[in-house]
Amino acid sequence: MVEDNQLFVPTLNQQGYATVTIDPFSKKFTEYADGTFLEIGAAFGYTTLKALENGATVIANYMDDRHLKALSETAKEKGLSKLQTITAQFPIGPDFDAKSFRKILICRVLHFFSGENIKQALKKAHNWLEVGGELYVVCETTFLTNWQKFIPEYENRKRAGEPFPGEINNPKFWENTWSDNLPEFVHWLDVDTLSNLFTETGFEIVEVDYINRAGQFPSSLLLDGRESVGIIGRRVK
Ligand SMILES: C[S@@+](CC[C@H](N)C(=O)[O-])C[C@H]1O[C@@H](n2cnc3c(N)ncnc32)[C@H](O)[C@@H]1O
């Protein structure tokens, strides 16, 4: 059991907090399958390490070398050799051939992207997947206690039919406890917005749902069991 105040680890590059526990969608990514796996925005690589322990071959990407160095050392200590790391800012880099991966995970990264940039990122991931390959995405929602002030604004935008009601250009106006370690733009997603983005970029949706973060996020942040959203999409052709 992880102590409440140890569930979140600040990233070394002030890009939010890494989680030490693995959510249900990321857990499915760790299950063994032939072929190569890719994790984008791996930070300390807790999920990548689990996939390696399950026998998978994994490429881990992150935009700050310090994290990847630590991950490589941990994998070495554990005798896990099927790891490659690539430092790059997604989706500008890294670049791979089409149909290179069996599974791709992007966990709690796309909520730093605008709706249009998410679309570009999903198109790239779709191209990198083998036919039959799966993309696993997890993002934060606005349904957290520290973002409650934004919920009425978000719901008004949703009623008005805005395609990306969770885009926030001024996080510190809406939240003033955890946003010191957040970038200047965040984008809280939900089941509808992510499903539309996956369908628009050619994925068949295998599963999509909210994630109850009890025991995974500091209890002070838990609102109503919709704290995060997860989706699995399959490339069918
Ligand atoms: C909130 S942390 C999540 C880390 C880890 N995936 C997790 O779920 O705990 C978000 C991470 O995404 C990384 N990130 C943000 N934009 C990125 C990009 N364009 N390319 C690669 N990584 C990015 C940041 O460096 C940050 O550490």
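Biologist: Buried means under 20% relative accessible area, exposed over 50%, and partly exposed in between (1.4 Å probe, protein chains only), so which is histidine 67, buried or exposed?
Modeller: Histidine 67 counts as buried, because its relative accessibility is 1%. This is a predicted model, in which local features need pLDDT of at least 70 and side-chain atom pairs count only at pLDDT 80 or more, while totals for chains, interfaces and linings use all residues. Residues are numbered from 1 along each chain as its sequence is written, and side-chain values use heavy atoms, with hydrogens and water left out.

Biologist: Where is histidine 67 found, and what does it touch?
Modeller: Histidine 67 sits in helix 3, residues 65-77, where helices (H or I, at least four residues) and strands (E, at least two) are DSSP runs numbered from the N terminus. Leaving out residues up to four places away in sequence, histidine 67 touches Thr11, Leu12, Asn13, Ala43, Phe44 and Tyr62, a contact being heavy atoms within 4.5 Å.

Biologist: Switching topic, how many disulfides are there?
Modeller: A search of the whole structure finds zero, a disulfide being counted as a pair of cysteine sulfur atoms within 2.5 Å.
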